[in-house]
Amino acid sequence: MLQNPVRVVVDADACPVKPEIAACVRAAGTRALLVSSHAHVLQAEEGVDIVTVDASDQSADLYIANALKRSDILVTGDYGLAALGLARGAAVLTPRGKAIDEENIDGLLAQRHFSAKQRRGGMRTRGPKPFTDEDRDRFQQKLTLLLRRLQENSFA
């Protein structure tokens, strides 16, 4: 039995890979926790638990930050939440399959700050590229590999 079971915690409001997460956790024999505001209706399914928070600006992020454990995998596109996840010892993956770690978080946060500063100054910044099937496949492959690696390291 796993001493510290791996769990996937998801910032689910705008997450485009919820079906892939459910498939991965079922295949790995673990669980996912999807956290969203009450404005998004999510259905619990095998291996997937749902937590609904109020619609306040940062409610889902605060819930996730407080719920994360060292053995968790956080799925988010929010670099601020990703930084909190790293501080809690969680592994972090974006919905496009990019691993966020101590090596790249400072640059990502700096870029986020720079873009926000430009927008406040009236400049337009580019949004993300359209989400593709290749992004979906990459995410599922990366999550599967990360789950395997963390589960192998969970045995005491």
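Colleague: What are the ground rules for the numbers?

Modeller: This is a predicted model, where local features need pLDDT of at least 70, side-chain atom pairs count only at pLDDT 80 or more, and totals for chains, interfaces and linings use all residues. Residues are numbered from 1 along each chain as its sequence is written, and side-chain values use heavy atoms, with hydrogens and water left out.

Colleague: How many helices and strands are there in the protein chain?

Modeller: Five helices and six strands. Both are DSSP runs, numbered from the N terminus: helices are H or I with at least four residues, strands are E with at least two. Along the sequence the pattern reads β-α-β-β-α-β-α-β-β-α-α.

Colleague: Why is the chain called as compact as a globular protein of that length?

Modeller: The radius of gyration, taken over C-alpha atoms, is set against the globule rule, 2.2 Å times the number of residues to the power 0.38. The rule gives 15 Å for 156 residues and the chain has 16 Å, which is close, so the chain is as compact as a globular protein of that length. Its C-alpha atoms fill a box of roughly 55 × 35 × 30 Å along the principal axes.

Colleague: What makes β3 and β6 edge strands?

Modeller: Two strands pair if DSSP finds at least two bridges between them. The sheet is open, with mixed pairing, in the order β3-β2-β1-β4-β5-β6. β3 (48-53) and β6 (99-100) each pair on one side only, and are the edge strands.

Colleague: How do you know that β5 and β6 pair?

Modeller: β5 (residues 91-93) and β6 have two bridges, in the antiparallel sense. Leu93 stands opposite Ala99 in β6.

Colleague: Which strand runs parallel to β1, and over how many bridges?

Modeller: Strand β2 (residues 31-37), joined to β1 by five bridges. Asp11 stands opposite Val35 in β2.

Colleague: What makes β1 mostly covered?

Modeller: Buried means under 20% relative accessible area, exposed over 50%, partly exposed in between (1.4 Å probe, protein chains only). In β1 (residues 7-11), five of its five residues are buried. Both faces are covered: Arg7, Val9 and Asp11 on one side, Val8 and Val10 on the other. Across the chain, buried residues make up 40% of the 156 residues.

Colleague: What share of the contacts joins residues at least 24 apart?

Modeller: Contact means heavy atoms within 4.5 Å. Among contacts between residues at least 6 apart in sequence, 50% join residues at least 24 apart.
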